[in-house]
Amino acid sequence: MQREAFSLNETELLKYQPNRYPFLLIDRVTEVVPGRSAKGYKNLTNNEWWIPVHFPGDPNMPGCLQVEAMAQMLTVAILTAPGMEGKIVHGYKHAGTFHQEVRPGDRLDMEAEILSFRRGLCKGIVKGFIDGALACELESVIIIPDVFNQFRPKGADNKIRKGENSHG
Amino acid sequence: MNGIILQNLDAYEIQQYQQNRYPCFFVDIIEEAVPGKSARGYKNFTFNEWFFPAHFTDEPNVPGFIQIETLTQVFLMTFLTLPENKGKKTDFISIKNARFRKKIVPGNRLDIEASLDSFRHGLARGHAEGYVNGEPACSLELEVAVPDVMTKFIPRSGGVIPPYKFIVESGLSVGVLVAGKEIRYAA
């Protein structure tokens, strides 16, 4: 499973990540080892859609969006594996911890590591840092329905739908 | 000018000085502002901004007019930080020598240095330069007015604007004619 590490710039990222504005919450992937790990960052700025409302006079990044940003970094580690690019990913279970506010002007550095990836089910952990200090953490289980559904017993109902929702 | 140097202004504090608001608010942090003299600050660019899906879909980069506006908003902090100008609105008068040297993409940080050359009668003149990773990315010379201040210096006759005519030369308005007197715009 050991593969060479590489980086993704802003156009290459769009090839692998299916999320788009206003829900693409990572900017740059500085180092990714497909199927194992991904490192990168998101820039925070005042020109983002939640700034006027969360909160007026005290803008900071909503926790749910920090979870989303970290989950997107985790999916990059999977979607760069052969045959996986651009696939839809669903969140299955997230556990987040938030240590400090993430504010406009900050750069949120994220490090995602995959603990296991079998039958379309991926477990991983992600850490977010600001200026080297831990800002947020995520333990996550995510599903790639395209792969997951191939392993479901025949006749099982409630198939995980694909492509209709963005993952959360 | 008055010996005060402002440092590390965040979004809330910057908005006490200038009236630009989302989605037309293009500065994140003012690292240092010397009222009446200079300002230094930056803006982060991220995918989560409204112009990236449209400019361009397969090759996102920062439009030139956004770069102009970003440079300008840091420049505003050189004179809106003067106590008498705090929180006032501003108008563009002219932009000269706008140069765009580098493609700026999501994930970049644009560091901006702005200097005020003169501020008289509500008219600010100066220049601003932007850097990405320490390399020059864009630069600009500007004239910006503070209408609230400037209108105090416009000659009036009994509070009524006197009848005037534009002086037009080769299709361009170069001044106004008021009460038989020619007032030409500064070159």
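As the model is predicted, local features need pLDDT of at least 70 and side-chain atom pairs count only at pLDDT 80 or more, whereas totals for chains, interfaces and linings use all residues. Residues are numbered from 1 along each chain as its sequence is written, while chains are lettered from A and ligands numbered from 1 in the order in which they are written.

| Strand pair | Sense | Bridges |
|---|---|---|
| S5(A), residues 107–118, and S6(A), residues 121–130 | antiparallel | 9 bridges |
| S6(A) and S7(A), residues 133–143 | antiparallel | 10 bridges |

In S7(A), A:Glu139 is the bridge partner of A:Ile125. The hairpin of S5(A) and S6(A) has 2 residues between the strands, and A:Arg119 there takes a positive phi near 50°; the hairpin of S6(A) and S7(A) has 2 residues between them, with A:Asp131 in the turn at a positive phi of about 50°.

Turning to the loop between strand S3 (37–43) and helix H2 (63–79) of chain A, one finds A:Ile51. A:Ile51 counts as buried because 22 C-beta neighbours lie inside 10 Å, the classes being buried at 20 or more other C-beta atoms within 10 Å, exposed at 12 or fewer and partly exposed in between, with C-beta atoms placed from the backbone. Not counting residues up to four places away in sequence, A:Ile51 touches A:Asn46, A:Pro59, A:Pro104 and B:Tyr22, contact requiring C-beta atoms, placed from the backbone, within 7 Å.

Note on methods:
Helix = DSSP H or I, 4+ residues; strand = E, 2+ residues; numbered from the N terminus. Contact = placed C-beta atoms within 7 Å. Pairing = 2+ DSSP bridges.
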